[in-house]
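Please look over the model below with its helices in mind.

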Amino acid sequence: MRYRALGGLRVSAVGLGAMPLSIEGRPDEDRALATVHAALDAGVTLLDTADSYHLPGAEPGHNECLVARALASYGGDTSGVLVATKGGRGRPAGGDWTVNGSPRHLKAAAEASHKRLGVEAIGLYQLHKPDPAVPFEESVGALRELLDAGTIRLAGLSNVDADQIRGARGILGDRLVSVQNRYSPAVRDSEPELRLCAELGLAFLPWSPLGGLARSALDGPSRTEGEQRFAAFHTVAAERGVSPQRVALAWLLSRSPAVVPIPGASRPETIRDSAAAADLLLTPEERTRLDVAAGAAQDVRAHG
Ligand SMILES: NC(=O)c1ccc[n+]([C@@H]2O[C@H](COP(=O)([O-])OP(=O)(O)OC[C@H]3O[C@@H](n4cnc5c(N)ncnc54)[C@H](OP(=O)(O)O)[C@@H]3O)[C@@H](O)[C@H]2O)c1
C-alpha cells in the first residue's frame, strides 16, 4: 500500500467509502464486516462514513456503528486507521437527503457520532454539505468549536466550492485538512477545487470516484455508451490485465498527490481490487491517453 498525506497524518492512498454497507441494497452484517476487514487486510487506513448513511427514516448512525463494530472485531492492529465521518445531512422517510448546517445541529450530531464511534476524539469530521439556509461561516464556526472542545481532531468539508474552501481555511487554519467532492472520469467539475487543495496542501477525497464507470457500463456484454466513452480505460485495463475500475482509481491518483479516492464497496472482492490501484503506477503515455478520454484539464498536473 502507498500512502498520502492528510493533515499531519499519513493515510492509505485509497480509502474505503462505507456508504454502500448501510443504504438501500446493503449487504447483510456478515458481508458488511467482511468488506471492512478486507479493506483493512489490504492496507486501507482511511474509512469514510457519515451519520446519515442509513436507510431512509431510520435512526442516524447505522454506518458509523458498523464501522466501529468492524474495527472492534478485526484481529489486527487498527491504531493507524483514520475514521472520517460527516454531519449536516439527514435521511428522513421518503429517501430525500436533507441538509442541516445549523451550529446547534452540527454540535449535537458530532457528539452523537463521537459516542457511536467510541473513540477518544473523532479523527476527521467533515461538514457534509453547506446549508443554503445557514451562513457558511456559522457552520464552519461549529467545526472550530468542536476542534477546540477536543470532540474532533481534524476538520474537513464536502460538496464545497473554492470560495468556501478559502473562507473555511480563514476560520480553521491548518486544522482544515480535507475536501471531499464528487470527482471521477465522468464528473470533473471539481477540478478548480482539486487544484486549490493541491496548492493549499489539503487532501482531496473524490466521492463516487467510479461514478462515471458504472459496473454495467464496464462489465456488460454490449458496448454501451459508457464503454465507448471510456474505451481508453478499458484498453489500458486489458493491456495491464487489471479491472477498468482499478485503472480509473490509478488515474485519479495520478491527477495530483492531493488525491485520496474513497471507492465504495459492498463486497470484499471489490475493495481488494480497488485498494490495489494504489500500486498501479501509470506511465506518462497512459496518463495522457486517460486524460484525453476523460476530457480532463492538463494543468491540474502542473501542481503535482
Ligand atoms: N460527500 C458526499 O456527499 C458523498 C456522496 C456520495 C458518496 N460519498 C462517499 O464516497 C464513497 C464512494 O462513492 P459511491 O459508493 O457512491 O460510489 P463509487 O465508489 O463510485 O462506486 C461504488 C460501486 O462501485 C463498485 N466497485 C467499487 N470498486 C470496484 C472494483 N474495483 N471493481 C468493480 N466494481 C467496483 C462497488 O461494487 P460492490 O457494491 O459490488 O462492492 C460499488 O457498488 C461512498 O461510499 C461514500 O463514503 C460521499
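Predicted model: local features only at pLDDT ≥ 70, side-chain atom pairs only at ≥ 80, totals over all residues.

Residues are numbered from 1 along each chain as its sequence is written, and side-chain values use heavy atoms, with hydrogens and water left out.

**Helix pairs**

Helices (H or I, at least four residues) and strands (E, at least two) are DSSP runs numbered from the N terminus. The axes in the table are lines fitted to C-alpha atoms, for helices over the stretch in contact, and the angles run from 0 to 180 degrees between N-to-C directions.

| Helix pair | Angle | Axes apart |
|---|---|---|
| H1 (residues 29-41) and H11 (residues 268-275) | about 15 degrees | 8 Å |
| H1 and H2 (residues 62-73) | about 65 degrees | 9 Å |
| H5 and H6 | about 30 degrees | 9 Å |

With an angle of about 15 degrees to H11, H1 is roughly parallel to H11; angles under 35 degrees count as roughly parallel, over 145 as roughly antiparallel, 65 to 115 as roughly perpendicular and the rest as oblique. H1 passes H11 in a right-handed crossing, a crossing being right-handed if the near helix is turned clockwise from the far one by less than a right angle, and left-handed if anticlockwise. On the side of H1 the contact (heavy atoms within 4.5 Å) is made by Arg 31, Ala 34, Thr 35, Ala 38 and Ala 39, and on the side of H11 by Pro 268, Ile 271 and Arg 272. By class, this contact of H1 with H11 holds five nonpolar, one polar and two charged residues, where Ala, Val, Leu, Ile, Met, Phe, Trp, Tyr, Cys and Pro count as nonpolar, Asp, Glu, Lys and Arg as charged, and the others, Gly among them, as polar.

The crossing of H1 and H2 is also right-handed. Here Glu 29, Ala 32, Leu 33, Val 36, His 37 and Leu 40 of H1 meet Leu 66, Arg 69, Ala 70, Leu 71 and Ser 73 of H2, and the residues of this contact divide into seven nonpolar, two polar and two charged.

Which residues of helix H5 (residues 162-172) are buried? They are Ala 162, Gln 164, Ile 165, Ala 168 and Leu 172, where buried means under 20% relative accessible area, exposed over 50% and partly exposed in between (1.4 Å probe, protein chains only). Seen down the axis of H5, these residues fall within an arc of 155 degrees, so they line one face of the helix; the arc is that of the directions from the helix axis to the C-beta atoms. An α-helix has 3.6 residues a turn, so residues three or four places apart point the same way. On the other side of H5, Asp 163 and Gly 170 are exposed.

The buried residues of H5 pack against helix H4 (136-149), strand E9 (152-158), strand E10 (176-182) and helix H6 (191-200). H5 and H6 are roughly parallel to each other, and H5 passes H6 in a right-handed crossing. In this pair Ala 162, Ile 165, Arg 166 and Arg 169 of H5 meet Glu 193, Leu 196, Cys 197 and Leu 200 of H6, a contact that divides into five nonpolar, no polar and three charged residues.

**Positive phi values**

Most residues other than glycine have a negative phi, and most peptide bonds are trans. Asn 159, in the loop between E9 and H5, has a positive phi near 60 degrees although Asn 159 is a residue other than glycine, and at 25% relative accessibility Asn 159 counts as partly exposed. Ser 208, in the loop between strand E11 (203-207) and helix H7 (215-219), has a positive phi of about 45 degrees and, at 32% relative accessibility, counts as partly exposed.

**Two buried residues**

Pro 27 lies in the loop between strand E3 (16-17) and H1, and is buried with a relative accessible area of 11%. Not counting residues up to four places away in sequence, Pro 27 touches Pro 20, Leu 21, Ala 32 and Ser 266.

His 114, in helix H3 (residues 103-117), is buried with a relative accessible area of 18%. With residues up to four places away in sequence again not counted, His 114 touches Val 119, Glu 120, Ala 121, Ile 122 and Thr 151.
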